[in-house]
Amino acid sequence: MTDALKAVSSSSDNLQSAAGGLAANAEETARQSCAVAAASEQSATNVQTVAASTEELSAAVQEIGQQIDAVQVASEQSVGTIAEITSVIEQINSITTAVAASVEEQDAALREISVNIQYAANGTQEVSANIAGVNDAAAETGNTSSVVLGSAQDLSAQAEQLRSQVDAFFKEIAAA
């Protein structure tokens, strides 16, 4: 997305440069139009001097003058329009720069979130490992308890057997 914004910014710069060129061309056209207007007026004077009776030629010269005036007006309007386009391009460039900065900030925030998620995942793995260790210890304790219980039961059985033998021994001694 940053590349696209940079491309838009570059295109905006290119449009701004082209607009500047068009403005220069429009100014040159306006200057040339003024020169043509001056030459037309000179031609009208010469034509009137040489052929004062030719109304048709005079009307044509007047029409040329009107067309030149129209070209001058159009040139001035073009210069104004180009200035407006340049202003819009500058605004677009400013907005594009702001968006690019925002995208970079979001990218940095996402990287930070990713690092925090990795830390949390590592912590979860450690907790899981500790729980597994506790489970293993509990199982071992259960196994040891079973062995101790079995030993205690065996010892109790042996004590009962020994008591029976001692009782039998005392009975033999008492009978004798």
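A salt bridge here is a side-chain nitrogen of Lys or Arg within 4 Å of a carboxyl oxygen of Asp or Glu. D107 and R111 meet that rule, with N to O at 2.4 Å. The model behind these values is predicted, so local features need pLDDT of at least 70 and side-chain atom pairs count only at pLDDT 80 or more, while totals for chains, interfaces and linings use all residues. Residues are numbered from 1 along each chain as its sequence is written, and side-chain values use heavy atoms, with hydrogens and water left out.

On to the overall layout. The protein chain has two helices and zero strands, where helices (H or I, at least four residues) and strands (E, at least two) are DSSP runs numbered from the N terminus. Helix α1 covers residues 2-50, and helix α2 takes in residues 55-175. Of the 176 residues in the protein chain, 12% are buried; that label means under 20% relative accessible area, with exposed meaning over 50% and partly exposed anything in between (1.4 Å probe, protein chains only).

As for how the chain meets itself, take contacts (heavy atoms within 4.5 Å). Among those between residues at least 6 apart in sequence, 89% join residues at least 24 apart. D3 sits in helix α1 and counts as exposed, at 64% relative accessibility. D3 is 97 residues from A100 in sequence, yet their C-alpha atoms are 9.2 Å apart in space. C34, also found in helix α1, is partly exposed at 45% relative accessibility. Between C34 and V71 there are 37 residues of sequence separation and 9.8 Å of space, C-alpha to C-alpha.

Back to the charged pairs. The structure holds two salt bridges. In general, side chains of opposite charge can pair when their charged atoms come close. D107 and R111 both belong to helix α2 and are four residues apart, about one turn of the helix. D107 is partly exposed, with a relative accessible area of 38%, and R111 is likewise partly exposed, at 48%. The other bridge joins R163 to E160, whose closest N and O atoms are 3.2 Å apart. Because R163 and E160 are three residues apart in helix α2, about one helical turn separates them. R163 has a relative accessible area of 48%, so it is partly exposed; E160, at 42%, also counts as partly exposed.

Rings of Phe, Tyr and Trp (its six-membered ring) pair if their centres lie within 6.5 Å, with planes under 30 degrees apart called stacked, over 60 edge-to-face and the rest tilted. The count comes to one aromatic pair. That pair is F169 with F170, tilted, at 6.1 Å centre to centre and 50° between the planes. F169 is partly exposed because its relative accessibility is 48%, whereas F170, at 52%, counts as exposed.
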